[in-house]
Amino acid sequence: MTAFRLTCPTCPETYRIEDGRFSCPRRGEAGDHLLRRVGLEGNAAARAIARGWERAGAGSFLRLQALFSARELAGEDGYRRIHDRLEEALAAREGTVFRVTPLLPQPALAAALGRSGPLWVKDETGNVGGSHKGRHLFATLLYLEALAARGDAPGKPELAIYSCGNAALAAAAVARAGGYRLRAFVPADVDPRIASLLEERGALVERIARAQTGEGDPCYLAFREALRRPGVLPFACAGNDNWSNIEGGSALGWEIVLALRGHAAAVDHVVLQVGGAAFARAVAQAFEEAFSLGFLPRLPKIHACQPEGGFPFVRGWALALAAYAARGGGSAGIPCDRLAPPAEALGRLAAFLRAEGPSLSPLVDRFAADFAGPAARAVLAEIARRPGAFFWPWDGAAPQSLAHGILDDLPYDGTGLLPAVLRTGGRAVILPEARIRSAWETARAATGIPVCPTGAAGLAGLMELEAQGLLNPAESVLVVFTGRDRSADPPPKGPATP
Ligand SMILES: [Zn+2]
């Protein structure tokens, strides 16, 4: 029996990582069934993390091996063998492997924003596949291979993913390194460069058209359908279908924590872009684990941001605040009428948050201060009991944004992320399109990093928080540039060969 195990917020059972389960067997029934991997605790775990990190020069998945279930399952030598074999295949086929990515203060960017406090940027644009997504999936690949090494996995399953770009591309690179076949469900209007890169990597690309909103992402629904076939496993960057990818994403957060320690620096705020919320949930989890293991003196405020073209996580956050206010006998004045036509209700909520954001500060602070108290606990229990009352598929106009990589219909990991935002007194803000464009242009001009608009959306969140007076420009802040801009890449060379 390993120290790591899986817990469900609704089911009383604890699941073993040895069993190769990717989601709660009772998902689909009432309540929140998002699995959490727990067990990274105690002095031995803290020492293992610190010791691994000292191996400067080694890859991220070796330095941070103490985080991964694959390491728990295979032991140190077994993990090393699996890791090295996969890394070699990645190097041969992609010409790159998972290294610890750069984390640097960006004084010119801070100055361009008129900030006096430090602004740290974690740069994922040079990572495998051009984004942070590969990290999530490499942890899943290691887990699959660790299961296979125990004889617990029957042959090589087909892997499936739904994505509009970076995640599918990272999945194709990682799956190919492991010798797995990948089926990628992508929107019909997928960037031809992405489709071509997927096909080059042997992925089966299925293009799915969107007819309407409110029913959920059609690519996701097609992916779910594929999972019903025997021998198909979820290779998605979302914790509801595949908890193990969150371990890979949490390594990004741990790299930040450990590198900041190396600089003897701390951050007051972390601003994270949210689509499906796996990235933000994973980074928040790393900060929470690092805090409980004694790597951090205090938690930074964890903020989330989404485009005005699709903000179902911000809506869920606002509803949680409203539920908390209702229990305290007060009213936050947050408009949340589920009987109104969706587009109208969303417009009212966006207008309220834009105009009245600062007036919510006492409520946000009270929730954070009272996080262990009965009223806050009752709200969290209500979210676990009725997650669909807080998060449901986007039912506004067809989602659109320059930051199109974070337009998920549903924050699949919303219930995993939300407690971290509430606990730390963070905010969830809506990004006007002009802010997204301005953040992207400023980011590129001031840092020279070839970041894409989605990748710079966390910076847009910082700018929005400061514009609304919700964040003091003298405090220290961290954002993650999650993905590389491919728009300057050469176009695909004619029809791809399978
Ligand atoms: Zn469950």
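Modeller: Residues are numbered from 1 along each chain as its sequence is written. Because the model is predicted, local features need pLDDT of at least 70 and side-chain atom pairs count only at pLDDT 80 or more, while totals for chains, interfaces and linings use all residues.

Biologist: Why is strand β10 (residues 269-273) called largely enclosed?

Modeller: A residue is buried if 20 or more other C-beta atoms lie within 10 Å of its own, exposed if 12 or fewer, and partly exposed in between, with C-beta atoms placed from the backbone. Five of the five residues of β10 are buried, so the rest of the structure largely encloses the strand. Strands (E, at least two residues) and helices (H or I, at least four) are DSSP runs, numbered from the N terminus.

Biologist: What makes β10 and β11 a pair?

Modeller: Two strands pair if DSSP finds at least two bridges between them. β10 and β11 have five, in the parallel sense, and Q273 stands opposite C305 in β11. Between β10 and β11 the chain passes through helix α10 (residues 278-292) in a right-handed β-α-β crossover; right-handed means that, with the strands pointing away from the viewer, the path from the first strand over the helix to the second runs clockwise.
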